[in-house]
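Please keep the sequence and the three-dimensional view at hand while reading.

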Amino acid sequence: MTAERSVPPGRFSGLSIKLIATIIAVILLVEVVVYLPSLATFRANWLDDRLRVGVVAARVLDAVPDVMALPRELTDRLLTSAGANAIVYRRQGQSQLIELASPVRPDVVVTADMRQADLMTLIVGAIDVLFATPDRTLRIVGQGDLDDSLVELLMSERPLRQDMLAYSRQIGIVSLAIAAVTAVALYLLASFLFIYPVRRLTQNMLAFRQAPENASLIITPSARRDEIGIVERELAAMESDLFSMLRQRRHLADLGLAVAKINHDLRNTLTSAQLLSDQVATLDDPKVQRLAPRLVTTLDKAIGFAQSVLDYGRETAAPPVLAPVAMLALVEDAAFEARLVGHPAIGFANQVPETLVLNVDASQLGRVLLNLLKNAREALEAAGTTIASPQVSVIVSEDDEAVTLSVSDNGPGLPPRARENLFVAFEGSARAGGTGLGLAIAREITEAHGGKLLLADQPTGTRFDLILPTTLRVQV
């Protein structure tokens, strides 16, 4: 099944838009963190300005023996300059008050004590002003110009709130401008360094996937030495390897088709020759009787080689069909087909427990066992009388992760050349005239079951370990 073709994102989608949104969000978050202390400072300065006017008024009150003698015009001017409805001056236990001609009776009064100037108090006060109900009266308390003096102002909170809102709007506009300019600058920089190279890699992978046999689509890596440069070079190497492998695969497929046709015809020809040799072997001529066995043996090898090539060519990628299989009977059947059961010179020991049942493909796994047992028999037959009491055995070992079937013999072992290319088709044969396909097929079948086929390292004889995961075991 072919996967759906991916479509590269647009210029302002994908990583681009995510990068811009992230930059703006981070900048605005920083501005919010900076905004609260800034707003608190603005409010504190605004209140301090009003207190300074109040201190001036307090000096006037302190210089006049009788406050009641002050002209109303002067007191109204002092209150208007401070924006206050009333000013109270306290000193040495005495209080002096000046207020407008028409006093305002406040409903809700909130106190701003400027003697408490810690940052948290200022921030809480600023937030309270922004979200407070309108028409509150503000009571500003601060230190006078003398150590023991105190000045209080009563005024509407509305001017303070309006000025703070105007200041907030200015901060918001400046923050958005800074965020936009910074985002654009960072986006251009990040696009040059990261986004465009990543888009180039993405577009190249999409294009190469559609036409992997087009060498012109292999990416040309840049001279960058960072991670993106490494990705470009590795992608170029991978695409080059894929291009070469696909060309080789096409050539091998064409060659394999031709070989299969030739091999099929050759097998038919060799079979006919074998039938003729069987008839020739019945003749009484002494020379024919002496040469006929060699001819039959040679034809048998040729037919076996042709059959092995055909079997290997028919191997497909179809997964194994798993079903519960009693391993004792499967090993016994494989030993019978390998001509070990009842062999006149080679003993066979099937030590597989009767209770061992695995969820495997009986046909495929039986083929693996047949190949291993047949190889063991042929090795012992080739050794002849040099091996005392030749024996082939199959034993089982288990742990928490795997079930291992070990097929071993006490023969001469494998030569070094066979060990080097043991599971390589056409190169891993341990005997003259062999194709080496049996072990290659056995390994593929074992790996399809999620297992491994390994050659055990031991001083004498040969042992192959067929390792299967315990998840295949069926509890009986």
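Helix α7 (residues 327-337) packs against helix α8 (residues 362-383) at an angle of about 50°, and their axes lie 8 Å apart. The model is a predicted one. Two packed helices are described by the angle between their axes and the distance between the axes. An angle from 65 to 115 degrees would count as roughly perpendicular and one under 35 degrees as roughly parallel; α7 and α8 are therefore oblique to each other. Their crossing is right-handed. On the side of α7, the contact is made by Met327, Leu330, Val331, Ala334, Ala335 and Glu337, while α8 contributes Ala362, Leu365, Gly366, Leu369, Leu370 and Leu373. By class, the residues of this contact comprise 10 nonpolar, one polar and one charged.

Strands of a sheet pair through backbone hydrogen bonds, either parallel or antiparallel.

Thr404 belongs to strand β10 (residues 402-409). Is Thr404 buried or exposed? A residue counts as buried under 20% relative accessible area; Thr404, at 12% relative accessibility, is therefore buried. Apart from residues up to four places away in sequence, Thr404 touches Ile395, Val396, Ser397, Asp465, Leu466 and Ile467.

A further open sheet is also built from five strands, here in the order β2-β1-β5-β4-β3, with mixed pairing. Its edge strands are β2 (94-99) and β3 (109-113), each of which pairs on one side only. Neighbouring strands of this sheet are turned against each other by 15° on average, direction ignored. Strand β4 (residues 137-143) and strand β5 (residues 149-156) run antiparallel and are joined by seven bridges. Gly142 is found opposite Val151 in β5.

Helix α3 (residues 119-130) and α4 pack at an angle of about 100°, with 9 Å between their axes. Helix α3 is therefore roughly perpendicular to α4. The residues in contact are Ala126, Val129 and Leu130 of α3 together with Leu160, Arg161, Met164, Leu165 and Ser168 of α4. This contact has six nonpolar residues, one polar and one charged.

Helix α4 spans residues 158-210 and includes Leu201. With a relative accessible area of 8%, Leu201 is buried. Which residues does Leu201 contact, leaving aside its neighbours within four places in sequence? They are Ile219, Val231, Glu232 and Leu235. Leu201 and Glu232 are 31 residues apart along the chain, and their C-alpha atoms are separated by 7.3 Å.

Conventions
Residues numbered from 1 in each chain as written. Predicted model: local features only at pLDDT ≥ 70, side-chain atom pairs only at ≥ 80, totals over all residues. Heavy atoms only, no water. Helix = DSSP H or I, 4+ residues; strand = E, 2+ residues; numbered from the N terminus. Buried < 20%, exposed > 50% of the residue type's maximum accessible area, 1.4 Å probe, protein only. Contact = heavy atoms within 4.5 Å. Pairing = 2+ DSSP bridges. Axes fitted to C-alpha atoms, helices over the stretch in contact; angles between N-to-C directions. Parallel < 35°, antiparallel > 145°, perpendicular 65-115°, else oblique. Left-handed = near helix turned anticlockwise from the far one by under 90°. Nonpolar A, V, L, I, M, F, W, Y, C, P; charged D, E, K, R; others polar.
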